[in-house]
Amino acid sequence: MKRRFICLTALLAVCSMSAMAQGIMGGHVTGSIQLDGQISHRDTIIGSQDVPQKLLSNARADILYTNGNFSAGLRYEAYLGPMLGFRPDYEGQGIANYFVSYKKENFAITAGHFYEQFGNGMSLRAYEDRYLGIDNALRGFNVMYSPLSGVILKGVIGRQRYFWLESKNIVRGLDAELSFNDIVKSWADAKTRLTIGGSFVSKYESAVNDWIPANVNGYKVNLPENVATAAVRMDLAHGGFGLKAEYAHKSQDPNDLNNYIFREGNVLWMSASYSQRGMSANIQAKRVDNMGFRSSRTEPYTEMLFINYIPAISKQHTYSFLSMYPYATQSMGEMGLQGDFMYKFKKETLLGGKYGTDIHINASLITGLDTVDAGGRGTDGYTSSFFGTGDTYYGDLSVEVAKKLSSSVKFAATYGYVVFNPITEGHAGDNHHNHVVVADLTWKMNKKNSIRFEAEWMGSDSKYDESIDDKRAGDWIMGLVEYNFAPSWFVSVSDQYAYNDGIGNYYNLSVGYTKGATRLQLGYGKQREGIICIGGVCRNVPASNGLTFSLTTSF
Amino acid sequence: MKKTVLSLLTLVALLFTACDKIEEDQYIIYSGASGEWVDGNGVSDHTQRALIEKYTGVRCLNCPTAEDAINAAVAQYGGKLLAVAIHDSSTFTRPYPNNPDLRTATGNTWSKFFGVFDAGQYPVALVNRTPGASGWDLFNPISGINSYVDPIVNSEATIAIEVSATEAEGLISTTVNLEFLENVGDNLNLTLFIIEDNINATQLMPDSEKNESYIHNHLFREVITDVWGTQIDCTGAKGEKKMTTIDYQVANSEWIIANCHIVAFVSNRDTRQIVNVAECDIN
């Protein structure tokens, strides 16, 4: 049945494409293709290895057919072999994702693979991030129904994708969201806007299968087969003020991540904000306690088979040295606080000058929980006080000032300070304290030509230690020059060099060409071993030395 | 509309029952078998043996070569070297479709503890759980085994160990006799586990082809005691003789008891290093 469905869908897509992407039974076909490749060689200094396949590639083609209320799509993926940093389990090719969907005004149903998120994702987040190598799409049914304006009900049931396989365990959930300004007619134009929501997600995982570790360090643990997370949330806004909050609670879930304890989990996330023209301020807080919720108790890959998502509470930096030590959300326990402030000094003022000046300040602090051990495996594990904090996991402060110096020159200067505890990456060691300074200047010579210069410096109290082999340690400098010839070409050259207490010299040359919806990029150089995180979800990046290329197009 | 609401309420009710609550006194249902230690009759065989634990996987193409090397070493040492093949939860151990799952939670626990899983390189082996210069003395059996085994089997035993086992209606009764040949102290544990021979499961071979007729031998099935062993009630003084009998009810109907063996070893409770080991058939 499955094979027949795939064939029919593929045939539909191919027929539609042959009809030049339009007009087939009134429907149309859209899609995109991405092909990334890599050649890497051994470099004993940075630690890169020869790859036996010589060429590694990740490729995908998404095709979507839409005809009125009906749509169908599929994605063909090929990992031959997977690029460095992607799990070897991705090796192979085939149709990784397919679905059919029907949508009316107040009703929608999807059969097949789908992505979904309830609220902030603290109870359910089925999503894909191709750069992290994460795809936990659910395959099953997703239903949305709106019985009246302002009320949205969702229901899902399915199994999660696991590389080319599927988790054996079932995920099911319900979500309801009420927007009072739509429900109550007299509130429709009110300055105060209120939305509340609630969700319930549970998984079923057999405790009978031999593979499941009934025996953990000598304990046969009485494992709950049904584990659930319930969450409530609110979103209140009044003029420029906003207040958002979500609380989730998880039932007993002994698993590999929490060392088989029976303590129930919870997470509280809050955000308060204020904005007006030229200014915005936001403060966020969260407390996470034993909230790793995965569809398999024993999943060895720490990023795989998550059902929920804990929102990140630190800024996702874009400059290289500020993002050298990204923070990975500790779903098993952390406390965090973040403040963010942006202000624009107006034109023709003392600090604004002729073109105005933007200032952006961000600070975050994340710690562990203050816990008291209560017996380890096969017990409730630990107790913790709600407001107690443990070791510092991560802290940062960044101040960015951006200013247009003339009609053609923009300049931004950033200072950042980062404290990083290596325990969050599973390593012992002292906290790293890094100071970072960035200067970023763009000169737009004319409508077609622009050049950008970037210089970064990082001073750190960390030193390269061969036994730990963290190649990010030490003091670094970096320079980058990027030339754009709009609308088609760009070329950039950069170099990062550990000039003190560190190791490595990482140069890169990159050339890109864009024509219409097609973009080709070639790069040659060295990639430092490290970690990349997107939204607090991370993966390792091994060292590489060689050529990379990327081709993307859409139709 | 009424039907819709009723359907939704029913669905909500069903979902809210979808979470199990385990009471605190039910958290642990088993914490490893143990038996009473009594004075024994002594052990006539004072052989010092070694145990090689091979971490392997059905998708590991060099593992069959390692298995051949280990089989050759077992034959060479004539009963002084015992072997067990452990499948943890690495990428290499994922079973092929329609094949038995050879992975075990206990194997995974050991793999993680001894640094095998984190190192991620298979095949890898450990003899008598010996510490290395840093971490554990893991090695690739294809590169040679003798240098790891010789220092052990060429030394005099400090504890002699003998094991025998019987089975009736799935209950395996294992008797272990110990004789202390030197003063070794009382910081000792006894670990018993079950291995099985002659299991057919598809194996990736060195030529990258899958062998659907591959036979797996001395496959680790399950630990009988706590994974780190049960405490030996002894003084550890030279001349002391101890004996215990430990029962274990087989819960897995896929095991063929006639192909199973019991491995028993004494280890240091703190260092986890194996002192001596013995193996027996199940009668």
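Two strands are said to pair when DSSP finds at least two bridges between them, and the legends below use this sense of pairing for close-up views of a predicted model.

**View 1. Strand β21 of chain A and its partners β20 and β22.** Strand β21 (residues 357–376) of chain A runs antiparallel to strand β20 (residues 333–345) of chain A, and eleven bridges join the two; within this pairing, A:Phe341 has A:Ile361 in β21(A) as its bridge partner.

**View 2. The hairpin turn between β21(A) and β22(A).** Four residues lie between the two strands of this hairpin, and A:Gly378 in the turn has a positive phi of about 75°.

**View 3. The hairpin of β16 and β17 in chain B.** Strands β16 (residues 260–268) and β17 (residues 274–281) of chain B run antiparallel and are joined by seven bridges, with B:Ile274 in β17(B) as the bridge partner of B:Ser267. Five residues lie between the strands of this hairpin, in which B:Arg272 takes a positive phi near 70°.

**View 4. An open sheet of four strands in chain B.** The strands follow the order β2-β15-β7-β6 with antiparallel pairing, and the edge strands, β2 (37–39) and β6 (159–168) of chain B, each pair on one side only. Neighbouring strands of this sheet are turned by 20° against each other on average, direction ignored. Within the sheet, nine bridges join β7 (residues 171–180) to β15 (residues 241–249) of chain B, and B:Glu179 has B:Lys241 in β15(B) as its bridge partner.

Key: Residues numbered from 1 in each chain as written. Chains lettered and ligands numbered in written order. Predicted model: local features only at pLDDT ≥ 70, side-chain atom pairs only at ≥ 80, totals over all residues. Axes fitted to C-alpha atoms, helices over the stretch in contact; angles between N-to-C directions.
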